[in-house]
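Subject: Structure handover

Hello,

Here is the structure I promised to pass on. Please open it first, then read my notes below.

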Amino acid sequence: MKMMNKNTVLGWATLIMIIMGLILIGMGVFKYNEVAGWGFGTVGVGFLANAWVFNALKGRV
């Protein structure tokens, strides 16, 4: 088994956060029609923004 370095960990974290962000946005759009949908969508966008930061950190840490 290959050891994971910092860039690999950041890559996996970025992928997981993108998937979770899209799931949360999808829940906000398709499942909840009330104010809760806005909350899920906002948190999903926050996950995508955090994934963007993780992706930008690859190679610099």
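**Contacts and overall form**

Among contacts (heavy atoms within 4.5 Å) between residues at least 6 apart in sequence, 56% join residues at least 24 apart. Please keep in mind that this is a predicted model, where local features need pLDDT of at least 70, side-chain atom pairs count only at pLDDT 80 or more, and totals for chains, interfaces and linings use all residues. Residues are numbered from 1 along each chain as its sequence is written, and side-chain values use heavy atoms, with hydrogens and water left out.

The protein has 2 helices and 0 strands. Both terms refer to DSSP runs, numbered from the N terminus: helices are H or I with at least four residues, strands are E with at least two.

The C-alpha trace spans about 45 × 25 × 10 Å along its principal axes. The radius of gyration is 14 Å, while a compact globule of 61 residues would be near 10 Å. That radius is taken over C-alpha atoms, and the globule rule is 2.2 Å times the number of residues to the power 0.38.

Of the 61 residues, 16% count as buried. Buried means under 20% relative accessible area, exposed over 50%, and partly exposed in between (1.4 Å probe, protein chains only). The protein exposes about 4,700 Å², and carbon and sulfur atoms supply 74% of that area. Accessible areas come from the Shrake-Rupley method with a 1.4 Å probe; for residues, only the protein chains shown count as cover.

**The two helices**

H1 covers residues 6–30. It has 25 residues and reaches 36 Å from its first C-alpha to its last, close to the 36 Å expected. The expected span is 1.5 Å times one less than the number of residues. H2 covers residues 35–57, has 23 residues and reaches 34 Å, close to the 33 Å expected. After H2 comes Gly59, with a positive phi near 85°.

**Where they meet**

Which residues of H1 are buried? They are Leu10, Thr14, Met17, Gly21, Leu24 and Gly28. The buried residues of H1 pack against H2. An α-helix has 3.6 residues a turn, so residues three or four places apart point the same way.

In H2, the buried residues are Gly37, Gly41, Gly44 and Ala51. Their cover includes H1.

Two residues show the contacts in detail. Thr14 is in H1 and counts as buried because its relative accessibility is 7%. Leaving out residues up to four places away in sequence, Thr14 touches Ala51, Phe54 and Asn55. Phe47 is in H2 and, at 27% relative accessibility, counts as partly exposed.

Trp12 and Phe54 are 42 residues apart along the chain, and their C-alpha atoms are separated by 9.7 Å. For Phe47 and Gly11, 36 residues apart, the separation is 14 Å.

**A nonpolar patch**

Met4, Val9, Trp12, Leu15, Ile16, Ile19, Met20 and Ile23 make a nonpolar surface patch of about 740 Å². Patches are made of residues with over 30% relative accessible area and no salt bridge; like charges are joined within 9 Å, nonpolar side chains (Val, Leu, Ile, Met, Phe, Trp, Tyr) within 5 Å. A salt bridge is a side-chain nitrogen of Lys or Arg within 4 Å of a carboxyl oxygen of Asp or Glu.

Val9 lies in H1 and is partly exposed, at 40% relative accessible area. Trp12 is also in H1; its relative accessible area is 48%, so Trp12 is partly exposed.

Best wishes
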